[in-house]
Amino acid sequence: MLTSSASSLSKAYCCGKMAQPHPPPSSMAQPITIAPSTEAQQDGNLRHALMEFYLNSIAKNSLILSPSDMKLMTRDEIWPTLYKFLKQKKSKSSLGDTSIVECRRKLKKLRATTKHLSKYLTQFGTIVHLDAEISLQKASPIQLNYAIQVERGEIDAVFVLKNEADVVTIVVIDWKRNLSNEKTLIQYKRQCQVYLRCLQNEPSLIGLNRDSVKSAEMRVYLCEIGGNEATKPTMVEVNTEPLEIDAFLEKAFEQFDS
């Protein structure tokens, strides 16, 4: 049984060597050093953190995606709470500049993304449940198939919607700072397919049961939260066909230790 993470499985699909946590041993032992985070990584981390705070602390209460509500995050009533949240996040990953000025600048694109996503989701009905930064780390690993299980990873956002005919749609979102690199796009898509399979096999992650998830329509998207602040955010749909995901997992399993 292969126990891994969503990220490692997506890397193994592209190249088995990419999935390995450490470089292969050599005759000349060299100390392992961790490279400092780049400016781009810090920017992406901060944008992710701001979206997490907005969804879990504001949107979750109203079940509405509102750019105007997001704008209030740097006002006197909310900013102290947000700043404390960002300070806690900094202990786990580098966020770079978290000043109120920088957060306001980042929120311009995030508000545009929120507005675009809100309009897009209306076709599926109204939001009845949402969650952000859903941890895949449970008491026991999540089974994906007969040979693979996942023990770590985080799903950026999940929206459960219901229309007038009571049809339920589950939308999984993975925030990406940039979606212009075709070489990394396939890896991002595969990682999202792992998230989808985790939700299907462990629906308690979003407070649902297997019957609810089985009858629901599933949608998965990569959603841009970085780049030019004035541009319309890009959304890329991910294939959710079971046979497609099964084939990916088989290949990832075969290549993981190659």
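Predicted model: local features only at pLDDT ≥ 70, side-chain atom pairs only at ≥ 80, totals over all residues.
**Cysteines and helix α4**

Residues are numbered from 1 along each chain as its sequence is written, and side-chain values use heavy atoms, with hydrogens and water left out.

**Cysteines**

- C103 has its closest cysteine sulfur in C223, 19 Å from its own sulfur, which is too far for a bond.
- C103 is buried (under 20% relative accessible area, with exposed meaning over 50% and partly exposed in between; 1.4 Å probe, protein chains only), at a relative accessible area of 0%.
- For C198, the closest cysteine sulfur belongs to C192 and lies 12 Å away, again too far for a bond.
- C198 also counts as buried, at 0% relative accessibility.

**Helix α4**

- Helices are DSSP runs (H or I, at least four residues), numbered from the N terminus.
- Helix α4 covers residues 79-90, 12 residues in total, and reaches 16 Å from its first C-alpha to its last.
- That span is close to the 16 Å expected at 1.5 Å a residue, where the expected value is 1.5 Å times one less than the number of residues.

**Faces of α4**

- W79, L82, F85 and L86 are the buried residues in α4.
- These buried residues fall within an arc of 125 degrees seen down the helix axis, so they line one face of α4; the arc is that of the directions from the axis to the C-beta atoms.
- An α-helix has 3.6 residues a turn, so residues three or four places apart point the same way.
- P80, K84 and K87 are exposed, on the face of α4 turned away from its buried side.
- The buried residues of α4 pack against α2 (39-62) and α5 (100-121), contact meaning heavy atoms within 4.5 Å.

Note on methods:
Disulfide = S-S within 2.5 Å. Helix = DSSP H or I, 4+ residues; strand = E, 2+ residues; numbered from the N terminus.
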